Amino acid sequence: MTDYLKLLKERGQAEHDKKMGIEIIEAAPERLVATMPVEGNRQPVGLLHGGANVVLAESLGSIGTALHAGLDRKIVGIDINATHHKAATSGIVTGVATPISLGRTLCCYEVVITNESGQRTCTARITCLILNDK
């Protein structure tokens with residue numbers, strides 16, 4: 001179990017992640033995996049809300065940056081974008097984040113979100129800033 005997953009158990013899950021039902025499955029700077037239920041995160045018309053995809057992507061990119069920088073450093077997201085390819089209406093989606101760049105002050109991740117059939121539903125890119133102060 002990674003240090004981050006141990007910290008989650010000790011401190012409790014991030015508030016927003018908990019509300020969204022996000023479960024971190026794998027967490028290392030080089031690869032992060034999480035799931036999120038569609039139910040409870042839908043628009044009024046029954047589709048997974050695009051903002052829910054962005055929350056999942058930001059969570060993974062922020063966690064990856066924190067693991068890269070050190071768990072005692074502050075991390076803030078400074079840019080995120082998402083392209084929604086296919087609607088999800090039920091089940092769970094899975095986000096897999098891989099680094100584009102892991103630097104001293106900036107980290108950038110690509111996050112691919114897929115449905116239970118393995119079809120890509122969203123691609124996101126997040127850039128996080130590593131702050132000097134703790």
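The legends below describe close-up views of a predicted model of one protein chain.

**View 1. Overall course of the protein chain.** The protein chain has three helices and six strands, and from the N terminus on these elements follow one another as α-α-β-β-α-β-β-β-β. Of its 134 residues, 40% count as buried, while the accessible surface comes to about 7,200 Å², with 50% of that area belonging to carbon and sulfur atoms. Among contacts between residues at least 6 apart in sequence, 59% join residues at least 24 apart.

**View 2. The largest nonpolar core.** This core holds 28 residues, and those that touch the most other members are Ile22, Leu32, Met36, Leu56, Leu60, Val93 and Val111. At least two residues each are supplied by strand S1 (23–28), strand S2 (31–37), H3, strand S4 (92–102), strand S5 (106–114) and strand S6 (120–130), and H3 gives the most, with seven residues. In soluble globular proteins, nonpolar side chains tend to be buried together.

**View 3. Surroundings of valine 93.** Leaving aside neighbours within four places in sequence, valine 93 is in contact with a set of residues that includes Ala34, Thr35, Met36 and Val38, together with Leu48, Leu56, Ala88 and Ile113. Thr114, Asn115 and Thr121 are also among the contacts of valine 93.

**View 4. Asparagine 53 in helix H3.** Asparagine 53 lies in helix H3, which spans residues 50–69, and this residue counts as buried because its relative accessible area is 5%, under the 20% limit. When residues up to four places away in sequence are not counted, asparagine 53 touches Met36, Leu48, His84, Ile113 and Cys122.

**View 5. The salt bridge between aspartate 79 and arginine 125.** The side chains of aspartate 79 and arginine 125 meet in a salt bridge, at 3.1 Å from N to O. Aspartate 79 lies in strand S3 and arginine 125 in strand S6, so the pair ties together parts that are 46 residues apart in sequence. Aspartate 79 is partly exposed, at 33% relative accessibility, and arginine 125 is likewise partly exposed, with a relative accessible area of 30%.

**View 6. The salt bridge between glutamate 26 and arginine 31.** The side chains of glutamate 26 and arginine 31 meet in a salt bridge, again with 3.1 Å from N to O. Glutamate 26 counts as partly exposed at 32% relative accessibility, as does arginine 31 at 37%.

**View 7. A nonpolar patch on the surface.** Val76, Ile78 and Leu106 form this patch, and together they have about 230 Å² of accessible area. Valine 76 is placed in strand S3 (residues 75–84) and counts as partly exposed, at 33% relative accessibility.

Conventions. Residues numbered from 1 in each chain as written. Predicted model: local features only at pLDDT ≥ 70, side-chain atom pairs only at ≥ 80, totals over all residues. Heavy atoms only, no water. Patch = residues over 30% accessible without salt bridge, like charges linked within 9 Å, V, L, I, M, F, W, Y side chains within 5 Å. Areas by Shrake-Rupley, 256 points an atom, 1.4 Å probe, with all protein chains shown as cover. Salt bridge = Lys/Arg side-chain N within 4 Å of Asp/Glu carboxyl O. Helix = DSSP H or I, 4+ residues; strand = E, 2+ residues; numbered from the N terminus. Buried < 20%, exposed > 50% of the residue type's maximum accessible area, 1.4 Å probe, protein only. Contact = heavy atoms within 4.5 Å. Core = buried A, V, L, I, M, F, W, Y, C linked by side-chain atoms within 4.5 Å.
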